Amino acid sequence: MLYFDKVSKEYENRNKVLDNISLTVHKGELVSIVGHSGAGKTTLIKLLLAEEYPTEGTVSFHSDDIHSLRGRDMTEYRRKVGVVFQDFRLIPNKTAYENVAFAMEAAGKHDDEIEEDVPHVLDLVDLKGKMHHFPHQLSGGEQQRVAIARAIINRPEIIIADEPTGNLDPLNTYDIVQILKKINDLGTTVILTTHNKGIVDNLGRRVITMEDGRITRDQKSGKFTM
Amino acid sequence: MKATLTRRIVTAGLRGFYRNRTVSLSSIFILTITLSIITAFFLFRAIFTYTLDQVRQKVDVRVYFNTDATEQQIGEIKAKLTGLSQVKSVVYTSRDQALTDFKEKHAGDQLTLQALDELGTNPFGASLAVVAKDTSQYEVIASQLAAGSGLLGDAAGSVDKINYYQLKDSIDKLNNIIGWTNTVGFWLSIIFVLMSCMIVYNTIRLAIFVYRDEIAVMKLVGASNMFIRGPFIVEAILYALVATVITLAIFYPATIWVTKKTVFFFEGMNIHQYFMDNIVSLIGVLLVSGVLLAVISSLLAVRKYLKV
């Protein structure tokens, strides 16, 4: 469902951050992308979210080159992709409920559906009791769970989690990974970038290792090795 | 669907306005200053126009008649003058009235009054005071009154003198002052309005700069540009509404106070009365300029962060 075809990314006056990446992600996979800082993981995610454009090559979702999507098509694509960031990126002046509901409102969902689904999803991430808390009233782990709820609320085809546990303690890390695993078990494709060896080794799923902008290893059921 | 979208945008705008009170207050403060400048200009212009009108009304061209001019001759000339397109009004002063006016004016001057009595007859001729619609038109009116122009016709002989040429210098000066102040006023208001626009734009731009990351997240979770822009537009409209109310609330007592202090200075103009008489159009001007300023500034500021 997701194809990187000979993708390179070069910033002005800098070395290539991505060098000739070719990669396919199939529906229902849980893929961990690992590598040192500066290996190109975040750039790869930014290309997927169309926050950045490749210097060479194409990134396709099904048969669409995502960097040629404009306006409504781009909005539609982004609704099919749920995203979770290391720094949560919740909207600070909206409550947990409103942050999650925002993604549904933006997608034009009906009020009835929003009123039914948002508490349900917040319950799934164990936050039903803190629905009306603002982000600053929640702990890091709770904020990340809100972010996950927001990412999954529109039933996206793919979840992209960029270092989702980077700012969390081990207990919260374990919780977040369990939630992502559950989402994947229900059929959603998950792409996860991480530094955390424990997470990758425990998952026992596909692992792509990156170094200096290149893919150095792609294992079906891999371990964290660098 | 459109109704739902509008409702969601309005709700988000209202919520944002309330929850980001500091940002809202600073935007309203700056917008209030701008609207106050506009209101001050509105009032200054009225005072200026009123004062000029007063001066204009004091300027007239007088046609003095010989003492033997008949009422009929004067009446004919008055009718012809009234028919001229440049003429605003023609006021007739009879011989008797001229005498009475003179006596009133010199009531304390016994010597003059005595001299007048000794004359035994009324030395004053009747006169017509011609007021032009615009001070620049006195020359045209004067040329119509010149001998041989046809307007006076057979009655030309009954005219003693026309005082335009004695007043010409003052009228020219007045015309110059009006022209000059209009030009300066126009450019001053343009400069002030532009400066205010820049200040409002920069304040709102800074306010929206705070939300740049949020806007990016909204884009990434699949919100359309309209869905992101909408609440900012609603907030901008609210800023303008509140700023308009505050401006009016400042100027209501301020004009009462200024009127008390200046009613003699401005030749009897009641600034507060003018403010109240024009309150509807003033509200219109403030709302339209406030809303346009705030909304355009918001749109320009948000546009930059929508390019994700």
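The dialogue below goes through the chains, sheet, domains and interface of a predicted model.

Student: What should I know about the model and its numbering before reading it?

Tutor: This is a predicted model, in which local features need pLDDT of at least 70 and side-chain atom pairs count only at pLDDT 80 or more, while totals for chains, interfaces and linings use all residues. Residues are numbered from 1 along each chain as its sequence is written, and chains are lettered from A and ligands numbered from 1 in the order in which they are written.

Student: How many helices and strands are there in chain A, and how many in chain B?

Tutor: Helices (H or I, at least four residues) and strands (E, at least two) are DSSP runs, numbered from the N terminus. Chain A has 7 helices and 10 strands. For chain B the count is 11 helices and 4 strands.

Student: What does the radius of gyration say about each chain?

Tutor: The radius is taken over C-alpha atoms, and the globule rule to set against it is 2.2 Å times the number of residues to the power 0.38. Chain A, with 226 residues, has 17 Å, which agrees with the value near 17 Å for a compact globule. Its C-alpha trace spans about 45 × 40 × 35 Å along the principal axes. Chain B has 31 Å, well over the 19 Å that the rule gives for 308 residues, so chain B is more spread out than a compact globule. The C-alpha trace of chain B spans about 100 × 45 × 35 Å along its principal axes.

Student: What share of each chain is buried?

Tutor: A residue is buried if 20 or more other C-beta atoms lie within 10 Å of its own, exposed if 12 or fewer, and partly exposed in between, with C-beta atoms placed from the backbone. In chain A, 46% of the 226 residues count as buried. In chain B, 28% of the 308 residues do.

Student: Why does B:Ile162 count as buried?

Tutor: B:Ile162 counts as buried because it has 21 C-beta neighbours inside 10 Å. This residue lies in strand S4 (residues 159–162) of chain B. Two residues are in contact if their C-beta atoms, placed from the backbone, lie within 7 Å. Leaving aside neighbours within four places in sequence, B:Ile162 is in contact with B:Val61, B:Val63, B:Ala142 and B:Leu145.

Student: In what order do the strands of the open sheet in chain A run?

Tutor: Two strands pair if DSSP finds at least two bridges between them. In chain A, 6 strands form an open sheet in the order S6-S7-S8-S3-S9-S10, with mixed pairing. Strands S6 (81–84) and S10 (214–219) of chain A stand at the edges, each with a single partner strand, so one side of each is left without a neighbour in the sheet. S6(A) pairs with strand S7 (residues 158–162) of chain A in the parallel sense over 4 bridges. Within S7(A), A:Ile159 stands opposite A:Gly82.

Student: How are the two chains divided into domains?

Tutor: Domain bounds come from an automatic or database domain assignment. For chain A it gives domain 1 (1–80 + 156–226) and domain 2 (88–151). The C-alpha centres of these two domains of chain A lie 24 Å apart. Their contact takes 10 residues from domain 1 of chain A and 7 residues from domain 2 of chain A. On the domain 1 side, helix H6 (residues 170–185) of chain A gives the largest share, 4 residues. For chain B the assignment gives domain 1 (2–55 + 174–305) and domain 2 (59–168). In chain B, 51 Å separate the centres of domain 1 and domain 2, taken over C-alpha atoms.

Student: Which elements of chain A touch chain B?

Tutor: In total, 16 residues of chain A are in contact with 15 residues of chain B. The elements giving two or more residues to the chain A side are helix H2 (71–79) and helix H3 (96–106) of chain A. The largest share, 4 residues, comes from H3(A). By type, the chain A side divides into 7 nonpolar, 3 polar and 6 charged residues. Here Ala, Val, Leu, Ile, Met, Phe, Trp, Tyr, Cys and Pro count as nonpolar, Asp, Glu, Lys and Arg as charged, and the others, Gly among them, as polar.

Student: What covers the buried residues of H8(B)?

Tutor: The buried residues of helix H8 (residues 212–220) of chain B are B:Ile215, B:Val217, B:Met218, B:Lys219 and B:Leu220. Their cover includes H2 and S6 of chain A, together with helix H9 (225–262) and helix H11 (279–305) of chain B. After H8(B) comes B:Gly222, whose phi is positive, near 95°.
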